[in-house]
Amino acid sequence: MKTKSFTERHIGPRENEIVEMLNEMGLDSLDTLIRQAIPDNIHLDALPSLPGPLTEEQWLDHINELAAENRPGRSFIGYGYYATHLPEIIRKQVFENPAWYTGYTPYQAEISQGRLEALINYQTMLVELTGLELANASLLDDATAAAEAMLMFYHMRSRKQKKAGVNKFFMDRQVFPHIAEVVRTRAWSRGIELVEGDINTFEPDEGFFGVIWQNPRRDGEIFDDRPLYERFRRLDIKTAVIADLMALTLMEPPGHSGADVVTGSTQRFGLPLYYGGPHTGFFVTREAYKRYVPGRIIGVSVDAQGHPAYRMALQTREQHIKRENATSNICTSQVLMAILNGMYAVYHGPEGLKEIARRIHRQALLLHHALQNGGIETTGKVFFDTVRFRIPDREAFRRKAEKADLHFNYFEGDEIVMISTDELTTRDDLEKILQLISDHTGLSLSLPSGEPADNIPADFYRRDDFMTQDVFHRYRSETALMRYIKRLESKDLSLVHSMIPLGSCTMKYNSPAELAPLADARWTSLHPFMPDKYARGFREMFVRLEDALCRLTGLDAVSFQPNSGAAGEYAGLITVKAYFEDRGEAHRNVALIPASAHGTNPASAVMAGMEVVVVKTTETGNIDTEDLEAKAREYADRLAVFMVTYPSTHGVFEKDIKHMTETVHRYGGLVYMDGANMNAQMGLTSPAVIGADVCHLNLHKTFAVPHGGGGPGAGPILVKDFLKDYLPAHALMPVGGPKGRQVAAAPYGSAVVPLIAYGYILMSGAEGLRKSAEIAILNANYLETRLHPYFPTLYKGEGGRVAHEFIADLRPFKDKGIRVTDVAKRLMDYGFHAPTVSFPVAGTLMIEPTESENKEQLDRFLESMKAIYEEIMEAGENDADNPLKNAPHTQEMVTADVWFHGYTRRKAAFPVPWLREFKYWPPVARIDDAYGDRHLHCTCAPVESYQKE
């Protein structure tokens, strides 16, 4: 073994195990398997030319050299991004802890109770601070949240409004520019008429369905918006407010005044600047609107023992599941960041948060009074954290400030400078700022002594107690908080316990070496709107990563702006839409999408304003090429794009893929490749080879970025050269194409996430990436070969092989009363997370082991599945007393004084020998989903309120 080789450490099977697995399949080489799995006409002729492979030490040296090119300085730019301090106990025990960052989205709630409780804390914090009733479990950023509010209101229009064709939405001009631009993009793509102006002078009429404004405004001013709500309510116009969450610890919350939605960013609650992300967008609304809410909502139900248990509430209303009828395409969100936000609130409690907010406000007041007293013209009257003033020869002042590593906001017009204080602002900072201004103007400036006079009217302040729940008061010592975090951690199953074989999710290993830059302030402390010359390390990294991704995919240009795979789909389709519109072909709006596609594909197409036309699949699971030809011909005049996942969501490299893409091109359409399954392509084939014009890549799948329990992710898009002018642009920074539209708040989206993928690529090199793809295919085919006699494989390629994942059919066991859910829950007793349940085919499991798992782990999974098969065979028809129906079995159940079941306690909890060495105990029994939906609780509450009647 090459002990310095990253790939040797990343890949699970040893060489002797690879030989054993190949022998099990009757194969003489890995190359033979790949030739059987992948059609001959799409094999790459040669490996892409990539840098590396680097050893871990070389990678750390390289990233340290790049970090030295960044100059974070001290940012007071604000505009929604502020310096913060994440307490070390939270950073070490949550953010840098693989038990937290390697978990998956909590679809299997029984083994996700820790994350779910942490998210309940987050939701409760938001409900309390905003004065509304229902928060979701995070969105991608504040700009996305604002756009989602507009879309939610659009879909909530009354029957009368729809009949009248009500289609106008008003946005105040004092919304942050980077948020406003994303709302503009979303309105353009959906055909909504967006009207912009001054919210205080706007005269609404019945042609509007919604409005949005920001308070405090982009210029920092706080205004009295209370009279607005009734004015809009009378006309059935829904209201959304973009709020500063830290300011809401002091200010009267919008929910108390009548807001329908409150959105914004929770970045101020402990998240570093990260050069723009990942940051959590929050979304809080009224419970009456629960069926329209984008993203996920965590709620409380009860388990089979009658104990409280957390779950994803109203799970079937997760919008992308509705496909072309969805109102949102949100899938991956920002779970890990939301957990950090919630822990920050638990750490500080309401009094600590108010103390931070008062300090931020006080520092701004001190600066404001010092400027005023010294003769500087200030333009703000009522503000929380932002001081706005005029200064002569502003560009000369800017040069002096930047030379002193001080960064201010210059986006508000000639001679205007804005300075936003934050959690870390000190008196020394203020004195340095005043000295700089003094030197420039010749005026004598000094901080006033004593307490500065407040400028916020007394009736603007909130008068209620908030965050009174026990969790926000109980863990004041770090010892207590440490144990609370550990208690939650111990409830979850993650990659630290066992393989997570989720099909279409690629739950591979995430090396700490890749994550190392995220502990370096030179990467984490840059404001996204700083001049490029102070972020040269980032810019160089993006250039190199773009080159590597282009070489891997065969495409020509990249945008890193999308914050998730689904966001990448939307961004790619927006790019296609902008291209056709620029060519005078705006009528091209039809998206051909296979019936087997992930739900986000049609949901994203609808969001992009396209008409979805479904292409059939054949009995063998492949896309019906005749139906594709017929539909492409039928819609030739309007055909925009064909969306295809490759290898397919059925786990097969379809042999006719090039014929399909050629068909679409022949009828004037473009080809969008969903990159969710790119892990099986690396170094073996590529999107360009199969004929794609645009694709997105899931960095949190293929490129070893942690899933974080449901985010953060990243979904950069890649395009051919003729589309690069239409790549996502930005309102404030020079990125993307000159004809592009903005799709996320920050210029580079979740900018530090690509750093992780960059490390994975550099340490793997081209050969390592190809080896990863080969072993991913090997591991899947090994499992498929061994499992097929017990659980038949639904689809295979023409060579009799699957790709990197496969679908096991459990429908034949219906006759014994066994459902796929029973098998999923029983796997928890064996210490495994279930594969993907009932997607893309109901009643099946989609299994993807990834390249990271060794043969021992694969064999344990196989032994578990065989044992479950035997349990199914032993079950009588509709027999309710069997281990599958009662799974999962908790420690409390197994150690109870009385045992009522017809099988032994050992069979319930220790069905295979290795569990005696280490046993993960599901913390709750099977959760009652229906009860949770009938009794919707989505915040912290006394335990007794959740007990079954």
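Is Thr 850 buried or exposed? Thr 850 is buried, since its relative accessible area is 0%, and a residue counts as buried when that area is under 20%. The model described here is a predicted one.

## The chain as a whole

The chain contains 32 helices and 23 strands. Along the principal axes, its C-alpha atoms fill a box of roughly 85 × 70 × 65 Å. A compact globule of 949 residues would have a radius of gyration near 30 Å, and the chain, with 28 Å, agrees with that.

Burial can be given for the chain too: 66% of its 949 residues count as buried. The accessible surface comes to about 32100 Å², and carbon and sulfur atoms account for 46% of that surface. Among contacts in the chain with a separation of 6 or more, 77% are between residues 24 or more positions apart.

## An open sheet of seven strands

An open sheet is built from 7 strands, in the order E14-E20-E19-E18-E17-E15-E16, with mixed pairing. Strand E14 (557–559) and strand E16 (611–615) stand at the edges. Each of these two has a single partner strand, so one side of each has no neighbour in the sheet. From one strand to the next, the twist averages 25°.

In general, the strands of a sheet pair through backbone hydrogen bonds, and the pairing is either parallel or antiparallel. Strand E15 (residues 590–594) and E16 run parallel and are joined by 5 bridges. Within this pair, Ile 593 of the chain stands opposite Val 614 in E16.

## Two helices on the sheet

Helix H23 (residues 625–634) lies across E15, E16 and strand E17 (639–645). The direction of H23 is at about 150° to E16. Helix H24 (residues 657–666) also packs on the sheet, where it touches E17 and strand E18 (670–675). The direction of H24 makes about 140° with that of E18.

What angle do H23 and H24 make where they pack? The angle is about 10°, and their axes are 9 Å apart. Angles under 35 degrees count as roughly parallel, and H23 and H24 are therefore roughly parallel to each other. On the H23 side, the residues that meet H24 are Thr 625, Leu 628, Glu 629 and Ala 632. Their counterparts in H24 are His 659, Met 660, Thr 663, Val 664 and Arg 666.

## Backbone details in loops

Two cis peptide bonds can be described. One joins Gly 52 and Pro 53, with omega about 5°. Pro 53 is in the loop between helix H3 (30–37) and helix H4 (56–67). Another joins Gly 277 and Pro 278, with omega about 15°. Pro 278 lies in the loop between strand E7 (261–265) and strand E8 (281–285).

The loop between E7 and E8 also holds Tyr 274. Tyr 274 has a positive phi of about 55° although it is not a glycine. With a relative accessibility of 3%, Tyr 274 counts as buried.

Thr 850, the residue of the opening question, is found in the loop between strand E23 (844–847) and helix H28 (855–874). Its phi is near 65°, a positive value in a residue other than glycine. Thr 850 is thus a loop residue that is buried, at 0% relative accessible area.

Conventions: Residues numbered from 1 in each chain as written. Predicted model: local features only at pLDDT ≥ 70, side-chain atom pairs only at ≥ 80, totals over all residues. Heavy atoms only, no water. Pairing = 2+ DSSP bridges. Helix = DSSP H or I, 4+ residues; strand = E, 2+ residues; numbered from the N terminus. Axes fitted to C-alpha atoms, helices over the stretch in contact; angles between N-to-C directions. Contact = heavy atoms within 4.5 Å. Rg over C-alpha atoms; globule rule 2.2 N^0.38 Å. Buried < 20%, exposed > 50% of the residue type's maximum accessible area, 1.4 Å probe, protein only. Areas by Shrake-Rupley, 256 points an atom, 1.4 Å probe, with all protein chains shown as cover. Parallel < 35°, antiparallel > 145°, perpendicular 65-115°, else oblique.
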